[in-house]
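Me: I would like to learn how to read a structure feature by feature, with the general idea first and the particular case after it. Could we go through one together?

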Protein chains: 2
Amino acid sequence: MTYPFNPPHRVLMGPGPSDAHPRVLKAMSSPLIGHLDPEFVRMMDEVKSMVQQTLLTKNNLTFVVSAPGSAGMETCLVNLLEPGDECIICVNGVFGGRMVDIAERCGAKVHRIDTDWGKVTEVSQIKKVLDVCPKPKLVAIVHAETSTGAMQPLQEISDLVHNAGSLLVVDAVTSYTGAPLKVDEWGIDAIYSGSQKCLSAPPGLSPVSFSEAAVKVLDNRKTKVQSWFLDLTMVKNYWAGAKRAYHHTGPVSAIFALHEALNIVLEEGLEERWARHEVVHNYLKMKLEALGFKFVVDEQHRLPNLNAVYLPEGVDEATLRTRLLNDYNIEVGGGLGVFAGKIWRIGIMGESCTKNHVNMLVGALEEML
Amino acid sequence: MTYPFNPPHRVLMGPGPSDAHPRVLKAMSSPLIGHLDPEFVRMMDEVKSMVQQTLLTKNNLTFVVSAPGSAGMETCLVNLLEPGDECIICVNGVFGGRMVDIAERCGAKVHRIDTDWGKVTEVSQIKKVLDVCPKPKLVAIVHAETSTGAMQPLQEISDLVHNAGSLLVVDAVTSYTGAPLKVDEWGIDAIYSGSQKCLSAPPGLSPVSFSEAAVKVLDNRKTKVQSWFLDLTMVKNYWAGAKRAYHHTGPVSAIFALHEALNIVLEEGLEERWARHEVVHNYLKMKLEALGFKFVVDEQHRLPNLNAVYLPEGVDEATLRTRLLNDYNIEVGGGLGVFAGKIWRIGIMGESCTKNHVNMLVGALEEML
């Protein structure tokens, strides 16, 4: 039995994927070439250069994991942690919790710092745990918590972590190219992101970058990385080696799309793109507050591109969200974990970050409420 | 710095990716929808049904790993093996060796059966190891060894494995939809494949299926699966659960492409597709032998879709392969491992399996040799 499929035409304003630029969709529809073709290899070099430019890093080990953001998270942790290692992980939402789960699967001893969802981790909380565990292998923290809309300040924490002789691991899935993120300046040692958020490429890839200090830890491992697929001691020969050694078959079409998405980011300009997300966020904020929505996160720690909001009193979020999808073809996200059924997550990321998107959403809400 | 990219127009006759059908490329260029959109969820059900139909299985736990075939391999092994488990792995090429590597990273004790590259594993070899290790957790074997072009008979081995009370794990990356493969009839307990071979979808996804016996082993694990990303105790709630629980963001565009590729397979008919690969293989064989190429694998164990051949005497494979790519835009594969520099691997898979493809290749070779 076969199944014709014609996807509906949605407006994507959830936590990702965001709308893709027609140029990105077109790039993906190019006929395939081999994953070891000299032209493809050259193009991988360009992707690497553009990821470096957009992360503001010179890290040589900058590459793209052939799987979604969660696999990027796992890549960072399985390559840096060995059984028995101690680490500190800050949890203020789903994704911090996921890092704890992965680190424990690596056999690491995790010191977990819990903060209320929607808040950010304070420097003092990390200081306190460093008293108990003075030299953890790494401290991991989420820059942009997609489940709560909180954006974590990193610079002071980075100093603290490096003074302790540890590595700083950062989740930037939702902030990358949509909010200020400066890998070298902020001293981030390992960072992962996703293709389907502010980059506006399809989901399925995870840009990752390791500092020299992180590479040194990788090179000095005593045990094999527990995942073959994510083992950077091998993957790096495919992305950063002198000879492109075959490791696995690279996802050719997805990388075509990512390449074009990165071009679009750099044509716009990184700072201009950050500024656009800020401007459209303020426009959305004004409109939503006028309708009775309330932001979950305090103003100074709000992610501009992923807006977590409580609905106006008496409104059932699931019913309204379904109507928005069915009647207006607009997708927004519901809450996860402790916020399930309680909030919306409205994404204005990449191509979905325009005043037109906000006006479509607000117009629909005005009619329905 | 930005980089315009216009991929060359290649004819793909290597070990994968193969040429994609224009309908598949078009499906991939559809605007994105959310990975939890009801329409996407419905489409995932269709993908599951079509993977079941093409694997000839009723297995409920049939799904697609959001990463390439090697991640499918890792999925099967990390979910079924726990530290201390004994297993038997048959090695007659690169991919059997990769399974050993992964199983050892799981902490399993591996009994390795080595056979010359290009040959298949004999039932008697497995019997002998079962004398030493009478009840391994699983026996893993490669149905279609992409590095050598050998196709492994499975039915007798399956009986032997099940009589020992073990699970049969099979790599079908290169045979799936291009050669007879009957999961339920042959009693395969865990199988993985790839999207970019005979399915002719882009690389990046791995169809996987687990039998009820394999699911029971999964459900009775004493330890957590070491990979979070590939942990089927969670992934199965996304692909086979009553409620689609969020696990990771599914690669929407790649699944659009896979869905269309599966439609094309079923429109042609599975047996008709197997027969087409056989017919074109025989045509290629006749032409190649006339040019002085010699097959690596004995006739009765040859994969029809991946042809490993020694070049005519005195021909430098790398030089000829580069000319074929540069002057004719035709890609064939070189050798891996012990066969590096010694053989070619000529793929006639899916959309690349036509007499026109063979004629393009042979015409170019006639001119160059």
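Reply: Let us start with burial, for which a residue counts as buried when its relative accessible area is under 20%, as exposed when it is over 50%, and as partly exposed in between. Please keep in mind throughout that this is a predicted model.

Me: With that cut-off, is B:C76 buried or exposed?
Reply: B:C76 has a relative accessible area of 0%, and therefore it is buried. A:C106, at 3% relative accessibility, counts as buried too.

Me: Which residues have the most contacts inside the largest nonpolar core?
Reply: In soluble globular proteins, nonpolar side chains tend to be buried together. Here the largest nonpolar core has 200 residues, and A:F210 and B:F210 are those with the most contacts inside it. Once residues up to four places away in sequence are set aside, A:F210 touches, among others, A:L61, A:C76, A:L80, A:A190, A:V215 and A:L232.

Me: What is the order of the strands in the open sheet of 7 strands in chain A?
Reply: In chain A the order is β2-β10-β9-β8-β5-β3-β4, with mixed pairing. The edges are taken by β2 (61-65) and β4 (109-114) of chain A, and because each has a single partner strand, one side of each is left without a neighbour in the sheet. On average, neighbouring strands of this sheet are turned by 15 degrees against each other, direction ignored.

Me: In which sense do β3 and β5 of chain A pair?
Reply: Strand β3 (residues 86-91) and strand β5 (residues 138-142) of chain A pair in the parallel sense, over 3 bridges, and A:I89 has A:A140 as its bridge partner in β5(A).

Me: Which helices lie on the strands of this sheet?
Reply: Helix α5 (residues 123-132) of chain A packs on the sheet, where it touches β3 and β4 of chain A, and its direction makes about 150 degrees with that of β4(A). Helix α2 (residues 38-55) of chain A lies across β2, β9 (190-192) and β10 (206-210) of chain A, and it runs at about 110 degrees to β2(A).

Me: How many residues of strand β15 of chain A are buried?
Reply: Strand β15 (residues 343-347) of chain A is mostly covered, with 5 of its 5 residues buried. A:I343, A:R345 and A:G347 lie on one side, A:W344 and A:I346 on the other, and both faces are covered. Its pairing with strand β12 (residues 306-310) of chain A is antiparallel, over 5 bridges, with A:V309 opposite A:W344. Strand β14 (residues 333-334) of chain A also pairs with β15(A) in the antiparallel sense, over 2 bridges, and here A:G333 stands opposite A:R345.

Me: What is the strand order of the open sheet of 4 strands in chain B?
Reply: The order is β11-β12-β15-β14, with antiparallel pairing, and the edge strands are β11 (294-295) and β14 (333-334) of chain B, each of which pairs on one side only.

Me: Which rotation superposes chain B on chain A?
Reply: Two copies of a chain are related by a rotation about an axis and a shift along it. In this case a rotation of 180 degrees with 0.0 Å of shift along its axis superposes chain B on chain A, at an RMSD of 0.0 Å, which is the relation of a two-fold axis. The same surface serves both copies, since 100% of the contact residues of chain B recur in chain A.

Me: Which residues are in contact with A:S70?
Reply: A:S70 lies in helix α3 (residues 69-80) of chain A, and it counts as buried because its relative accessibility is 8%. Leaving aside neighbours within four places in sequence, A:S70 is in contact with A:R98 and A:I102 as well as with B:W228, B:H247 and B:H248.

Note on methods
Residues are numbered from 1 along each chain as its sequence is written. Chains are lettered from A and ligands numbered from 1 in the order in which they are written. This is a predicted model: local features need pLDDT of at least 70, side-chain atom pairs count only at pLDDT 80 or more; totals for chains, interfaces and linings use all residues. Side-chain values use heavy atoms; hydrogens and water are left out. Two strands pair if DSSP finds at least two bridges between them. A nonpolar core is a set of buried Ala, Val, Leu, Ile, Met, Phe, Trp, Tyr and Cys residues joined through side-chain atoms within 4.5 Å. Buried means under 20% relative accessible area, exposed over 50%, partly exposed in between (1.4 Å probe, protein chains only). Contact means heavy atoms within 4.5 Å. Axes are lines fitted to C-alpha atoms, for helices over the stretch in contact, and angles run from 0 to 180 degrees between N-to-C directions. Copies are superposed by least squares on the C-alpha atoms of residues with pLDDT of at least 70 in both.
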